[in-house]
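Biologist: I've got the picture open and I'd like to know what stands behind the labels. Can you walk me through them?

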Amino acid sequence: MINGEVRPAHDDGTGLEARIMVHVVGASRVFRTLEVVVDTGYTGWMSLPEPIINDIGLDYMGIRPATLANGQTVPTAAYNAGLLWHGRPVDVVVQALNNKPMVGAELLAYCRLTVDWWDGGEVVIEERMPAA
């Protein structure tokens, strides 16, 4: 189970975001703990700004398309990273987007996401497998 918290999206206290902490590792074994936004509208695995990608030393994979919130599709640099998810290491594709670090719907597959949508509310991601 992964736990987090709902917090204001902006410095002025407006908007809300579901946030969790994740552990990311690059090819050079540089390890970073990052606070990320849980964004169910983002269909990828994870996005990070270029400075964080460079700091961790992620391996470049090529160009992949990303669809932005306004519906525009843009090419993005894609990288391979390791992520500790539900206590196990997984390989993920990280797209370089200059926004807040995010995890998306691809990473939430086979999970139950519960959010108490108020400032300070609880965020819970539970691993679930469909019945066979």
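Biologist: Which residues touch the most other members of the largest nonpolar core?

Modeller: Bear in mind that this is a predicted model. In the largest nonpolar core, which has 28 residues, those are Ile20, Val22, Met46, Trp85 and Val94.

Biologist: What makes a set of residues a nonpolar core?

Modeller: The members have to be buried residues of the nonpolar kinds on the list, such as Val, Ile, Met and Trp, and they have to be joined through side-chain atoms within 4.5 Å.

Biologist: Which elements each supply at least two residues of this core?

Modeller: Strands β1 (2–8), β2 (16–25), β3 (31–38), β4 (46–48), β6, β7 (88–96) and β10 (122–127) do, and so does helix α1 (50–56). Strand β6 gives the most, with five residues.

Biologist: What is Val22 in contact with, leaving aside its neighbours within four places in sequence?

Modeller: Arg32, Thr33, Leu34, Val36, Met46, Leu83 and Trp85. Contact here means heavy atoms within 4.5 Å.

Biologist: And which residues does the second, separate core include?

Modeller: That one has six residues, among them Tyr42, Ala66, Val74 and Leu97.

Biologist: On to the rings. Why is the pair of Tyr60 and Tyr79 called edge-to-face?

Modeller: It's the one aromatic pair in the structure. The ring centres are 5.6 Å apart, and the limit for pairing is 6.5 Å. The planes stand at 70°, and over 60 degrees counts as edge-to-face, so that's the name the pair gets.

Biologist: What parts does that pair tie together?

Modeller: Tyr60 sits in strand β5 (residues 59–67) and Tyr79 in strand β6 (residues 73–85), so the linked parts are 19 residues apart in sequence.

Biologist: How do you know whether Tyr79 is buried or exposed?

Modeller: Its relative accessible area is 9%. Buried means under 20%, so Tyr79 counts as buried. Across the chain, buried residues make up 39% of the 132 residues.

Biologist: Zooming out, how many helices and strands are there?

Modeller: One helix and ten strands, in the order β-β-β-β-α-β-β-β-β-β-β along the sequence.

Key: Residues numbered from 1 in each chain as written. Predicted model: local features only at pLDDT ≥ 70, side-chain atom pairs only at ≥ 80, totals over all residues. Heavy atoms only, no water. Phe/Tyr/Trp six-rings, centres within 6.5 Å; stacked < 30°, edge-to-face > 60°. Helix = DSSP H or I, 4+ residues; strand = E, 2+ residues; numbered from the N terminus. Buried < 20%, exposed > 50% of the residue type's maximum accessible area, 1.4 Å probe, protein only.
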